[in-house]
Amino acid sequence: MSEAFRVGLLGHGTVGGAFAGLLAERAESIERVTGLRPELSGVLTRSRGDFDDILERSDLVVELLGGIEPTRDYVLRALQSGRHVVTANKQLLSQHGEEVFDAARSGGVQLRFEGAVAGVVPAIRVMSETLAAAHIERVHGIVNGTTNYILTEMARTGASYAEALADAQKLGYAEADPTEDVTGKDAAAKMAILARLAFNAAVKLDQVSYEGIERLTADDIAYAKELGLSLKLIGSAERIGSGVAVHVHPAFLYADHPLASVNGAFNAVTIESPAITEITLSGPGAGGVQTASAVLGDVISAMIPPPSLPPPAVELPIVTDVEFSFYLHLEVADRPGVLAQVAEILGLQGVSIRSVVQKGLGEEARLVMVMHPVLESKFRAAVELLSRLDFVREPPRVIRVIEETF
Ligand SMILES: NC(=O)c1ccc[n+]([C@@H]2O[C@H](COP(=O)([O-])OP(=O)(O)OC[C@H]3O[C@@H](n4cnc5c(N)ncnc54)[C@H](OP(=O)(O)O)[C@@H]3O)[C@@H](O)[C@H]2O)c1
C-alpha cells in the first residue's frame with residue numbers, strides 16, 4: 001500500500017464540503033498519479049474539530065474558512081510548522097499576502113491559491129508558471145460572476161439593475177447581502193492578487209480603486225448595444241511608467257474584445273505581454289465543486305513536483321461515429337416537391353431538420369439546412385442518397401455545427 005498523504009481541512013461549507021467529496025471520489029486516481037494515498041486527517045468547523053490536533057496530523061492544510069481571523073493565525077501557524085497550505089481566500093491574500101508568502105518562504109513549504117481568483121480558471125497557475133518569464137504589461141479580468149450575470153441579464157432582457165439583482169439572488173448567483181460583489185470590492189481583492197503575480201509588486205486591497213455596478217441603468221446598456229458595445233465590470237492591472245495601476249470599474253467593450261463575449265456567471269482573464277501578445281482564459285468563476293476542483297489541483301501539485309509527463313496511458317476505445325449537428329447546402333433544380341423529397345430522404349435515415357432556408361435562383365434553387373444532432377454515419381448515408389437525385393445539381397456541401405452553449 002502507498003504511503004498516506006494527510007490533508008487537514010479547515011472549513012466544511014460550500015467549497016470545503018465539495019472538496020471533501022471530490023477528494024474521496026478522486027483518491028484512487030490521485031494515488032496512481034502521485035504514488036501517495038491522500039486521506040482527510042481532520043475537519044474544522046465552528047462546531048467540530050480542533051485546529052492544533054488537525055495540524056499535528058496533517059502534511060498539508062486546506063484552508064476554506066474564509067475571512068481574516070482566526071484564518072490568518074491558522075495559515076501562518078501551518079506554514080511555520082512546515083505544512084503546505086492550499087487556500088481560496090482572496091480576502092486574506094489581498095490584505096496580508098506578503099506576511100503569508102514570507103511565512104511559506106521561511107517554512108520552505110508551498111502556498112497555493114488557484115481557487116482565490118476566478119474559481120476554476122487557471123489564471124494563477126498560468127501567470128506564475130507558464131508565463132513566469134513573460135514580462136506582463138497588462139491584465140484585464142471579469143473576475144466577479146455575480147456582477148457579470150447581472151449585467152448580462154440587463155443586456156439580454158432590458159431589466160433594471162434591481163430586477164436583475166433580484167433574479168441573481170433567486171438563482172443563487174448573488175448572496176442575500178451582495179455588497180462585496182456589486183460594489184466591486186470582491187473583484188478588487190482578486191485584482192490585487194493578479195497584480196502581485198503579474199508585476200511582482202506588493203499590491204494591497206486598499207491600493208485598488210474600485211467602482212461598482214449599482215448606478216448603471218438599463219438605458220446605458222440599451223444605447224451601448226446600438227453602438228455595438230457591451231458593458232462589463234472590468235478589473236485592470238497595468239504598468240504605467242515605472243509604476244502600476246490597479247482598478248475595477250464598469251467599462252464598455254467593443255464586440256471584438258476577448259472579454260466582450262464572456263457572459264453570465266463566467267469569469268475570464270486576459271493577459272498581455274509583448275512575448276505572448278495576448279492570452280485569454282475563461283470558465284466558471286465560482287461554485288462549490290468548481291472551486292473545489294481548483295483546490296484539489298493545488299493539493300496534487302503540492303504532493304508531487306509538477307509532472308513533466310502525463311501518467312502512463314490506459315487503453316480506451318476510439319469512437320469514430322460521433323453525433324454532430326450538420327449544415328447542409330444543396331444546389332437543386334427549382335421545381336415543386338424538391339424540398340419534400342429531400343426532407344423524406346433525410347427522415348428515412350433518422351435525420352431531422354432543425355432549420356431551413358430556401359432561395360430561388362432562376363432555374364435553380366438553393367436549399368440550406370441545419371440538422372438536429374445525429375450520428376455522422378446516418379447523416380453521410382442520407383447525403384449519399386441525396387447526391388444521386390437528378391435534381392441535385394452539385395455535390396452537397398456539409399459543415400459541422402457546434403451547438404454547445406454555456
Ligand atoms: N463559494 C464559492 O463559490 C467560492 C468561490 C471561490 C472562493 N471561495 C472562497 O472559499 C472560502 C470558503 O468559502 P465558502 O463559500 O465555502 O464558505 P462557507 O460556505 O461560509 O463555509 C465556511 C466554512 O468555514 C467554517 N468556519 C468559518 N469560520 C470559522 C471559524 N472561525 N472556526 C471554525 N470554522 C469556521 C464554517 O463552519 P460552520 O459550518 O460551522 O459554519 C463553514 O464550514 C472563502 O475564502 C471564499 O472566499 C468561495
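Predicted model: local features only at pLDDT ≥ 70, side-chain atom pairs only at ≥ 80, totals over all residues.

Colleague: Start with α6. What span should its 13 residues have, and how far apart are the end C-alpha atoms?

Modeller: At 1.5 Å a residue, helix α6 (residues 145–157) should span 18 Å, and its end C-alpha atoms are 18 Å apart, which agrees.

Colleague: How many of the 13 residues of α6 are buried?

Modeller: 10 of the 13 are buried, so α6 is largely enclosed by the rest of the structure. The buried residues are Gly-145, Thr-146, Thr-147, Asn-148, Tyr-149, Ile-150, Leu-151, Thr-152, Glu-153 and Met-154.

Colleague: Which residue caps the N-terminal end of α6, and what follows the helix?

Modeller: Asn-144 is the cap, with a side-chain oxygen 3.2 Å from the backbone nitrogen of Thr-146. After the helix comes Gly-158, and its phi is positive, near 80°.

Colleague: Changing topic: where does Thr-34 sit, and is it buried or exposed?

Modeller: Thr-34 belongs to helix α1 (residues 14–34). Its relative accessible area is 13%, under the 20% cut-off, so Thr-34 counts as buried.

Colleague: Which residues does Thr-34 touch, leaving out those up to four places away in sequence?

Modeller: Ile-300, Met-303 and Ile-304. Thr-34 and Ile-304 are 270 residues apart in sequence, yet 6.1 Å apart in space, C-alpha to C-alpha.

Colleague: What does the side chain of Thr-34 reach?

Modeller: The backbone oxygen of Ile-30, at 2.8 Å. A polar atom of the Thr-34 side chain also lies 3.0 Å from the backbone nitrogen of Leu-36.

Colleague: OK, cavities. How many of 30 Å³ or more does a search of the whole structure find?

Modeller: One. The largest cavity has a volume of about 100 Å³.

Colleague: Which helix gives the largest share of the lining of the largest cavity?

Modeller: α4, with six residues. Both α4 (90–107) and α9 (185–199) supply at least two residues each. Among the lining residues are Leu-93, His-96, Glu-98, Phe-101, Ile-193, Arg-196 and Lys-204.

Colleague: And how do the residues of that lining divide between nonpolar, polar and charged?

Modeller: Six are nonpolar, three polar and three charged.

Methods. Residues numbered from 1 in each chain as written. Heavy atoms only, no water. Helix = DSSP H or I, 4+ residues; strand = E, 2+ residues; numbered from the N terminus. Expected span 1.5 Å × (residues − 1). Buried < 20%, exposed > 50% of the residue type's maximum accessible area, 1.4 Å probe, protein only. Polar contact = N/O pair within 3.5 Å; in protein donor to acceptor, adjacent residues only side chain to side chain. Contact = heavy atoms within 4.5 Å. 1 Å grid on protein atoms, 1.4 Å probe; cavity = no way out; pocket = protein on both sides within 12 Å on 5 of 7 lines; lining within 4 Å. Points joined across faces, edges and corners; volume = space filled by probe spheres on them. Nonpolar A, V, L, I, M, F, W, Y, C, P; charged D, E, K, R; others polar.
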